[in-house]
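Open the model in your viewer and keep the selection tool at hand.

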Amino acid sequence: MPGSAPSLALIDEAESRLARCAPLLAALFPELAAAGGHIESRLMDAKPLHLALDAGEASGNWYLKRDDELPVAGSIKARGGFHEVLAIAESIALEHGLLHDASADRRVLATPQARTLFGQYAVTVGSTGNLGMSIGVMAAALGFDAVVHMSADAKEWKKDRLRQRGVRVVEHAGDYAEAVAAGRAQALAAPRNHFVDDERSELLFFGYAAAARGLAAQLTEAGRVVDADHPLFVYIPCGVGGAPGGISHGLKALFGPHVHCFFAEPVASPCVLVQLASGSDTPVSVYDLGLDNRTEADGLAVGQASELVTALMGPQLGGVFTVSDDELYLNLLALKDILGVEVEPSAAAGVSGPRWLLGSAAGRSYTQGIEMSQATHVIWTTGGSLVPSDALRGFQEHAGQFCLRRAAT
């Protein structure tokens with residue numbers, strides 16, 4: 001792993017892998033055929049949200065980066081998760097002579113011969129849900145024995161969807177960290193079993209970082225310049241830190257000091273904030289501060305941050321802000337009512353970012369000396385399109401009831 005300076009070379013390598021595997025992905029998943037197998041989400045103009053939630057237009061232009069719409073996996077985790085499984089498959093295929101060189105057509109990895117080969121291997125991951133969906137679905141599609149270790153309180157619909165895709169789901173009492181530890185131990189004890197380590201994986205990290213150039217191209221298409229007079233602010237929901245860390249790393253490699261990335265964490269689970277604020281080189285958990293790590297944002301319910309990510313983010317990250325569960329639901333309802341966008345609670349965390357940056361003492365202190373009138377604000381919506389409709393309605397009803405209770409007090 002490189003030092004704190006962003007590495008374009010490793011990001012380029014991840015982009016190249018995803019590009020050469022795009023025809024394979026299109027062949028495996030009909031949902032990706034129209035995009036030619038490329039993993040990309042749209043950049044949506046969020047001016048109505050801006051006008052509804054902000055006092056004026058002096059703060060720049062708002063957009064949503066719609067990773068909640070990513071096909072197949074339905075979340076931001078498709079980026080890193082697909083990349084790592086594809087890297088594993090390429091490595092095994094090259095070792096066994098199924099692929100002969102870097103330029104070979106990757107669609108050979110979807111042949112019966114490849115499935116027979118991959119069936120001799122397992123791909124294992126510990127997850128609260130969305131990473132497991134990404135890894136499990138991709139690995140099962142190629143013929144691997146796909147195993148996802150999850151905490152027992154993870155959403156049932158996610159477990160059901162994984163099982164429907166041929167993934168083995170192993171449930172554990174306890175939280176995310178315990179499920180990851182159990183999955184790691186079982187994988188390491190078995191032959192031909194690759195464990196996808198959300199806390200330490202460079203393959204995941206640079207798969208996420210590959211999103212940066214796609215966003216840069218979309219900003220250019222939208223007429224948004226990124227430079228000293230036109231800064232870019234990006235707000236990304238954060239669990240263990242891999243996805244937001246990778247994306248931030250990629251954006252810093254492209255835009256340097258002109259991009260400012262912020263992580264959004266639940267008030268009960270601010271694991272990256274805790275680690276960075278501690279100033280310690282040893283792991284610090286939210287439990288060490290007496291927090292309970294209980295939040296409706298199940299994808300963000302992580303007690304201890306990735307050491308790989310926090311080591312890199314110190315000099316790269318603009319900051320971290322926290323969001324209460326009530327605020328998550330209000331954000332979720334605002335997205336639905338104002339933009340017609342339906343997401344899960346964790347994916348709505350970033351909506352609070354621009355208001356926090358522009359309205360809080362800490363945010364105003366950070367932006368002092370930065371030209372904000374021509375700023376671009378990108379709110380990353382990270383998951384939701386695969387959530388069952390009744391669950392989405394439940395989220396929205398919960399938010400509506402909270403609004404009524406607050407209005408009555």
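How much space lies in the largest cavity? About 240 Å³. This is a predicted model, in which local features need pLDDT of at least 70 and side-chain atom pairs count only at pLDDT 80 or more, while totals for chains, interfaces and linings use all residues. Residues are numbered from 1 along each chain as its sequence is written, and side-chain values use heavy atoms, leaving out hydrogens and water.

**Cavity.** Select Ile 76, Lys 77, Gly 239, Gly 299 and Leu 300: of the 23 lining residues, these are the closest to the centre of the largest cavity. A cavity is a set of points on a 1 Å grid over the protein atoms alone where a 1.4 Å probe fits but cannot get out; lining residues have an atom within 4 Å of a point. Next show helix 11 (242–255), which gives the largest share of that lining, 3 residues.

**Core.** Select Leu 49 and Phe 144, which have the most contacts inside the largest nonpolar core, a set of 128 residues. Such a core joins buried Ala, Val, Leu, Ile, Met, Phe, Trp, Tyr and Cys residues through side-chain atoms within 4.5 Å.

Notes: Buried means under 20% relative accessible area, exposed over 50%, partly exposed in between (1.4 Å probe, protein chains only). On a 1 Å grid over the protein atoms alone, a cavity is a set of points where a 1.4 Å probe fits but cannot get out, and a pocket is an open set with protein on both sides within 12 Å along at least five of seven lines; lining residues have an atom within 4 Å of a point. Grid points are joined across faces, edges and corners, and a volume is the space filled by probe spheres set on the points. Helices (H or I, at least four residues) and strands (E, at least two) are DSSP runs, numbered from the N terminus.
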